[in-house]
Amino acid sequence: MASDDEETEEVRLVPWLQRLVDTVLDYDGFRYTKARIWDIRTSELQVRYLDGPSKNGDRFGIALPYANHFLCARIAFVWIDENIRPEFYFDEEDFDPPLETLPEFLNWNPNDNTSLLRLLLAVRLCYKNYHVTLCRSIDLFRFHMDSLDKLMKDTKFVTPEDTDVFFYRRGASSGDAHFTMFIQLPNTAEIPKPMVPKVLFTCPNV
């Protein structure tokens, strides 16, 4: 029996997959934190694919930073054939991105160290569009989204790429919307006036 002083052996993915995952974990483009993985299951998972019988695969959970929250999913790979595209299982059941239409998914290339990162960034953009659509489905939030669009057109300090929105649904026609903006101000004297309305950042319940 192992003693309490012995370190638990780190679970590692198969080498070709670990290389792709390391690129994701090293990516610092999320600004305030990095992606995280957990619950690594290697070579023991039976993954059933549409094109054939179940195959042994590697699986892990991943959390992608988004709007001070995380987009969480389980990703499964067939470890004996890196050319088979990954399978995604998202924590949010209503979020079902059209993976088959994403170039990063269709052109999956495990020999490219950035292939998994680029695919996850494309999925994250789908997640952003998903939350924007939820916000625009409610009249009050649609008004705020239109105001935000106008702000981005009228000033150089805020761009669509620097703005994320997260929608908490509380019913068929109600919820909370959280906006996260990254504003670059090289000179505080250049801050536009009047200031951005507070309502753009804090939206009340409908």
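Which residues are exposed on the other side of helix 4? They are D139, F143, K150, K153 and D154. This is a predicted model.

**Helix 4**
- F141, H144, M145, L148, L151 and M152 are buried in helix 4.
- Helix 4 has 16 residues, which at 1.5 Å a residue should span 22 Å. Its end C-alpha atoms lie 23 Å apart, in agreement with that expectation.

**The largest nonpolar core**
- The largest nonpolar core holds 51 residues, and F60 and L116 touch the most other members.
- At least two residues of this core come from each of several elements, including helix 1, strand 2 (55-66), strand 3 (69-78) and helix 4 (139-154).
- Helix 3 gives the largest share of this core, with twelve residues.
- Not counting residues up to four places away in sequence, L116 touches L20, V21, V24, F60, F77 and W108.
- In soluble globular proteins, nonpolar side chains tend to be buried together.

**A35**
- A35 sits in the loop that runs between helix 1 (15-26) and strand 1 (36-47).
- Its relative accessible area is 7%, under the 20% cut-off, so A35 counts as buried.
- Leaving aside neighbours within four places in sequence, A35 is in contact with V24, L25, F30, A63, L64 and P65.
- A35 and C72 are 37 residues apart in sequence, and their C-alpha atoms are 9.9 Å apart in space.

Note on methods
Residues numbered from 1 in each chain as written. Predicted model: local features only at pLDDT ≥ 70, side-chain atom pairs only at ≥ 80, totals over all residues. Heavy atoms only, no water. Helix = DSSP H or I, 4+ residues; strand = E, 2+ residues; numbered from the N terminus. Buried < 20%, exposed > 50% of the residue type's maximum accessible area, 1.4 Å probe, protein only. Contact = heavy atoms within 4.5 Å. Core = buried A, V, L, I, M, F, W, Y, C linked by side-chain atoms within 4.5 Å. Expected span 1.5 Å × (residues − 1).
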